[in-house]
Amino acid sequence: RHDVAGGYGPDKKHSRGYDNALPIIAKGVREVTAYAEQKGVRTMTENHGLFSQDSLRVEKLINTVANDNFGQLVDMGNFACVDEDSAIAVSRVAPYAFHVHAKDFIKHPFASKVAKGFQSRGCNYLEGCAVGEGDIPVEQCIAILRRAGYDGYVSIEYEGAGDCFEGIKKGIETLRSFGIEE
């Protein structure tokens, strides 16, 4: 798993968007993917880092790279970081899934004035919590992935403020209730 780009950096003008960077990003990803393929390793991007996080951008990147050895680590919680509905986003990228992170957040809209957690691209707040305790439709996302044919592992990623072992334990119990086994 690798992030593909963090953006242009502070010295570049705001008028340069993702589509302008896509040919450069795809070229680099193709080189990494081709090398990895020679070693028997699949590569994937995670929807992570705001610049290449939206499902439309991730899908566009995967289709531009156009190599079956390159796919996505689908992090169902990370779509909230760019204010995207996780179920809709997962349904778009599910065909490209190589691995999955189950992650949950409690969403606090900007207008609520609840400043817990960290801010999304749209200035909403996301508070990490155990899988199943937040607003990410984890069970629905898993159903979407299964329908698309994904039968691989589902890892728990916990970003809550509490004890990480307790958060992961709660998440495992939730995933088991959805029919996911260890």
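**Burial, helix packing and the nonpolar core**

Gly160 is buried, with a relative accessible area of 19%. Buried means under 20% relative accessible area, exposed over 50%, and partly exposed in between, for a 1.4 Å probe and protein chains only. The model is predicted: local features need pLDDT of at least 70, side-chain atom pairs count only at pLDDT 80 or more, and totals for chains, interfaces and linings use all residues. Residues are numbered from 1 along each chain as its sequence is written, and side-chain values use heavy atoms, with hydrogens and water left out.

Gly160 sits in the loop between strand E7 (154-156) and H5. Helices (H or I, at least four residues) and strands (E, at least two) are DSSP runs, numbered from the N terminus. Leaving out residues up to four places away in sequence, Gly160 touches Gly128 and Cys129. Contact means heavy atoms within 4.5 Å. Lys103 is 57 residues from Gly160 along the chain, and their C-alpha atoms are separated by 9.8 Å.

Ser177 belongs to helix H5 (residues 164-177). Ser177 is exposed, at a relative accessible area of 55%. Its C-alpha atom is separated by 16 Å from that of Ile144, 33 residues apart along the chain.

Two packed helices are described by the angle between their axes and the distance between the axes. The axes of helix H3 (residues 86-93) and helix H4 (residues 138-147) come within 9 Å and cross at roughly 15 degrees. Axes are lines fitted to C-alpha atoms, for helices over the stretch in contact, and angles run from 0 to 180 degrees between N-to-C directions. H3 and H4 are therefore roughly parallel to each other. Angles under 35 degrees count as roughly parallel, over 145 as roughly antiparallel, 65 to 115 as roughly perpendicular and the rest as oblique. H3 supplies Ser86, Ala87, Val90 and Ser91 to the contact, and H4 supplies Gln140, Cys141, Ile144 and Leu145. These residues divide into five nonpolar, three polar and no charged. Ala, Val, Leu, Ile, Met, Phe, Trp, Tyr, Cys and Pro count as nonpolar, Asp, Glu, Lys and Arg as charged, and the others, Gly among them, as polar.

The largest nonpolar core has 41 residues. Such a core is a set of buried Ala, Val, Leu, Ile, Met, Phe, Trp, Tyr and Cys residues joined through side-chain atoms within 4.5 Å. Val90 and Leu145 are among the residues with the most contacts inside this core. H1 gives the most to the core, with six residues. Beyond its neighbours within four places in sequence, Leu145 is in contact with Met76, Val90, Ala94, Ala97, Val100 and Tyr150.
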